[in-house]
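Reader: I am new to reading protein models, and I would like to take a close look at one single part before I try the rest. Could you walk me through it carefully?

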Amino acid sequence: TLKEAYLKARGLGLAIPLTDFSFELPVRAVDDVEIRFSPSLDDDTERWQFSLRRIGQDHLVATAIERHGEPIRITLLEETDLLY
């Protein structure tokens, strides 16, 4: 899920080999996902912010955000929190 999010954020799809990057998953904090690149992939780990969230029992959502300054906080809203 995280690899798909990164590929979509880069906009290059499977032109980036899946073996050229990997993730270190956090033990506790869901926003502490870190990416690792092989030397052949020209990218910077500090450029990216990742999040992994479970929504219900059957869904896992991964986000990849290109940083342009301070980290972005992602908040999950329940349907009851939304105003119509």
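Reader: Leaving aside its neighbours within four places in sequence, which residues is glutamine 49 in contact with?

Author: A word on the model comes before the residue. This is a predicted model, in which local features need pLDDT of at least 70 and side-chain atom pairs count only at pLDDT 80 or more, while totals for chains, interfaces and linings use all residues. Residues are numbered from 1 along each chain as its sequence is written, and side-chain values use heavy atoms, with hydrogens and water left out.

Glutamine 49 belongs to strand 3, which covers residues 48-55; helices (H or I, at least four residues) and strands (E, at least two) are DSSP runs, numbered from the N terminus. Apart from its neighbours within four places in sequence, glutamine 49 is in contact with Thr63, Ala64, Ile65, Arg67, Pro71 and Ile72, where contact means heavy atoms within 4.5 Å.

Is glutamine 49 buried or exposed? Glutamine 49 counts as buried because its relative accessibility is 10%, and the cut-offs are under 20% relative accessible area for buried, over 50% for exposed, and partly exposed in between (1.4 Å probe, protein chains only). Of the 84 residues of the chain, 25% count as buried.

Isoleucine 55 is also found in strand 3, but this residue is partly exposed, because its relative accessible area is 34%. Together with Val61 and Leu76, Ile55 forms a nonpolar patch on the surface, with about 220 Å² of accessible area. Such areas come from the Shrake-Rupley method with a 1.4 Å probe, and for residues only the protein chains shown count as cover.

Key
Patch = residues over 30% accessible without salt bridge, like charges linked within 9 Å, V, L, I, M, F, W, Y side chains within 5 Å. Salt bridge = Lys/Arg side-chain N within 4 Å of Asp/Glu carboxyl O.
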